[in-house]
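Here is a short briefing for a first look. Start with the view below, then read on by topic.

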Amino acid sequence: MASMPPVAGPGPNPGAAGVGVLGEPVGRRDGRRLRGYLLAEAGAVALGYGAAVLRDGAPATGGGWALVAAGAVAVAVPLWVKSRRELRQEAEARSAETLAIETDARLRLIVGDVVTPIAEVVGKVHQTSGKGERESLRGQLKQLVVEAVANLCDGERARAVYFQLERGEMRAAAWFGRGDPPTTVFTDDPGDRRGQEALLLVRFHDYLLVDDVRAEELPRGAEPRPGASYRSFISVSVFCGEQNLGMLSVDAPEPHAFDETDLNVMRAMAQLLGAGLVDRR
Amino acid sequence: MMRGQVVPEEARAWTAGLLLATDYFAHARREAVAKASAAIRGRLRRARSEDRGRSR
């Protein structure tokens, strides 16, 4: 999982991670305390060394002063090495704590704040008897899913699109995030290689994660359209049983914006969407 | 003891289109981070006190 983006953008907020009950960052407070201990330790050692030197009287010769200086260095070096090691360990523990908080927050967000309310909407779609109302709920569901995907996946300025499959073509039915409304239409025309590959991805119930459209050797048809503003993307087939419904995509203008956790979020959201869009047979 | 709504009011407001996704996610993210922070710090505190108990 990539790091958590800021509150305004998609993904959780790194700035708030590790904030204590009183609002003071936990790591900073612990770091100050450790530095205080280290300073106190250094002061005590310096005091002890100074007292030991002065007990025998100040050195009278240059050689004596050199010996005192060498002794001071010999005392200071292990103290410095120890303090460096402890500060490094403390920083590592702090970053591990921040990572744990980010991971836990993300899990809470995905399961508690997104999957739970969307699952309720999926249930409502199938409970509704009127066709108009059901279609309205389905439209709402598509929009909720793209909003959730754009906010949960880690790419900065991510954009999520649901392409609906109808009469052998896929068009954007819902979108959320940066940029203009998507205009791409995926068709099965012999000249539309990208369209053919996208339709195959849906038909085979596959997913595709591309880290960098400019760097990777892409499978045929997965290359971006000319002038595209994205560098990385995930596309996932939306289906339920044997019914193919469309494709859920998220893209970002920066490379390596998404990881396997984002892919799993996409897979889960695509299946939720499929469960809500599938027709009763 | 913990008791609450399975689908909270703010989540219902978002799914019903009464709350913008950006507002909903900003709020949800802040809540999630605060709760996660408290939970992780609590777990770490318990682990430290268990370690201290074992080392005695």
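**A first look at chains A and B**

A:E197 counts as partly exposed, at 23% relative accessibility. Buried means under 20% relative accessible area, exposed means over 50%, and partly exposed lies in between (1.4 Å probe, protein chains only). This is a predicted model, where local features need pLDDT of at least 70, side-chain atom pairs count only at pLDDT 80 or more, and totals for chains, interfaces and linings use all residues. Residues are numbered from 1 along each chain as its sequence is written, chains are lettered from A and ligands numbered from 1 in the order in which they are written, and side-chain values use heavy atoms, without hydrogens and water.

**Chain A overall**

- Chain A has 5 helices and 6 strands. Helices (H or I, at least four residues) and strands (E, at least two) are DSSP runs, numbered from the N terminus.
- Along the sequence, the order in chain A is α-α-α-β-β-β-α-β-β-β-α.
- Of the 281 residues in chain A, 42% are buried.
- Take the contacts in chain A between residues at least 6 apart in sequence: 60% of them join residues at least 24 apart. A contact means heavy atoms within 4.5 Å.
- Chain A has an accessible surface of about 14,900 Å², and carbon and sulfur atoms account for 57% of that surface. Accessible areas come from the Shrake-Rupley method with a 1.4 Å probe; for residues, only the protein chains shown count as cover.

**Salt bridges**

- Side chains of opposite charge can pair when their charged atoms come close.
- Over all chains, the structure holds 16 salt bridges. A salt bridge is a side-chain nitrogen of Lys or Arg within 4 Å of a carboxyl oxygen of Asp or Glu.
- A:R106 pairs with A:D262 in a salt bridge, with the closest N and O atoms 2.8 Å apart. A:R106 lies in helix α2 (residues 62-127) of chain A and A:D262 in helix α5 (residues 260-277) of chain A, so the pair ties together parts 156 residues apart in sequence.
- A:R106 is buried, at 2% relative accessibility. A:D262 is buried too, at 0%.
- A:E197 forms a salt bridge with A:R193 (2.8 Å, N to O). The two are 4 residues apart in helix α4 (residues 193-203) of chain A, which means about one helical turn separates them. A:R193 is partly exposed, with a relative accessible area of 31%.
- A:R231 and A:D212 meet in a salt bridge through their side chains (2.7 Å, N to O). Both lie in the loop between β4 (207-210) and β5 (232-240) of chain A, so the pair ties together parts 19 residues apart in sequence.
- A network of salt bridges links A:E41, A:K82 and A:E86.

**Surface patches**

- Patches are made of residues with over 30% relative accessible area and no salt bridge; like charges are joined within 9 Å, and nonpolar side chains (Val, Leu, Ile, Met, Phe, Trp, Tyr) within 5 Å.
- A:V73, A:V77, A:W80 and A:V81 make a nonpolar surface patch of about 390 Å². A:W80 is in helix α2 of chain A. A:W80 counts as exposed, at 55% relative accessibility.
- A surface patch of positive charge gathers B:R45, B:R46, B:R48, B:R52 and B:R56. Lys and Arg count as positive and Asp and Glu as negative; His and the chain ends are not counted. The place of a charge is NZ of Lys, CZ of Arg, CG of Asp or CD of Glu.
- B:R52 belongs to helix α2 (residues 21-55) of chain B. B:R52 is partly exposed, at 48% relative accessibility.
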